[in-house]
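Q: Could you walk me through this one? I'm new to it and would like to ask as we go.

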Amino acid sequence: MPILDLYEHGDHRKNLAHFATLASLASVDGDINPKEKAVLDKFAFKLNITDEEIKEVMKKENKYPIETPHSGEKRFKRLFEFFQIIFSDHYIDDDERKIVEKYAIGLGFDPKKASEIIDKSIAIFSGQIAFEDYHQLIKRECN
């Protein structure tokens, strides 16, 4: 069954596309090892991906390229939407973070900048934003 047949409309389609991209990133260096599989399983749970969808995505012949947005704003939007989903449990562990960083690089962010963006996003989504950053965000929105 083609992966597109599994896609539904709206949010689930986006979630499945995110998961397929993560699976492709995890398999870039060969087979997915048990540690990577465990991380993908966590993402599958957070993204509400079914076992059937996981099996389809994980087939060796299924490799899904990252659709790299040309606009910087669209890259940030895609990363933001992804963070909204994965932070549903208000937590991201180190292994998840590594894959998210690969995802950001795949979206077109510079590797050094990607790490900084991920760190700041984690701080924002975990509610640990520094006052200075909070103040800058609020001032920018209120002016």
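**Core and helix contacts**

A: Leaving out residues up to four places away in sequence, Phe 19 touches Leu 40, Phe 43, Ala 44, Leu 47, Ile 49, Ile 54 and Val 57, where contact means heavy atoms within 4.5 Å. This is a predicted model, in which local features need pLDDT of at least 70, side-chain atom pairs count only at pLDDT 80 or more, and totals for chains, interfaces and linings use all residues. Residues are numbered from 1 along each chain as its sequence is written, and side-chain values use heavy atoms, with hydrogens and water left out.

Q: Which residues touch the most other members of the largest nonpolar core?
A: They are Phe 19, Phe 43, Leu 79, Phe 82, Phe 83, Ile 86 and Val 100, out of 32 residues in that core. A nonpolar core here is a set of buried (under 20% relative accessible area, with a 1.4 Å probe and protein chains only) Ala, Val, Leu, Ile, Met, Phe, Trp, Tyr and Cys residues joined through side-chain atoms within 4.5 Å.

Q: And which helix gives the largest share of this core?
A: That is α2, with seven residues; helices are DSSP runs of H or I, at least four residues long, numbered from the N terminus.

Q: How do α2 and α4 cross?
A: Their axes, which are lines fitted to C-alpha atoms over the stretch in contact, come within 10 Å and cross at roughly 40 degrees, on a scale from 0 to 180 degrees between N-to-C directions. That makes α2 oblique to α4, because angles under 35 degrees count as roughly parallel, over 145 as roughly antiparallel, 65 to 115 as roughly perpendicular and the rest as oblique.

Q: Which residues meet there?
A: His 12, Leu 16, Phe 19, Ala 20 and Ala 23 in α2 meet Glu 53, Ile 54, Val 57 and Met 58 in α4.

Q: Switching topic, is His 18 buried or exposed?
A: His 18 is buried, since its relative accessible area is 4%, and this residue lies in helix α2, residues 11-26. Not counting residues up to four places away in sequence, His 18 touches Leu 47, Arg 78, Phe 82, Ile 85 and Tyr 103.

Q: What about α6 and α7, at what angle do they cross?
A: The axes of α6 (residues 94-106) and α7 (residues 111-125) cross at roughly 125 degrees and come within 9 Å, which makes α6 oblique to α7. On the α6 side the contact is made by Arg 97, Val 100, Glu 101, Ala 104 and Ile 105, while the α7 residues include Pro 111, Ala 114 and Ile 118.

Methods: Helices (H or I, at least four residues) and strands (E, at least two) are DSSP runs, numbered from the N terminus. Buried means under 20% relative accessible area, exposed over 50%, partly exposed in between (1.4 Å probe, protein chains only).
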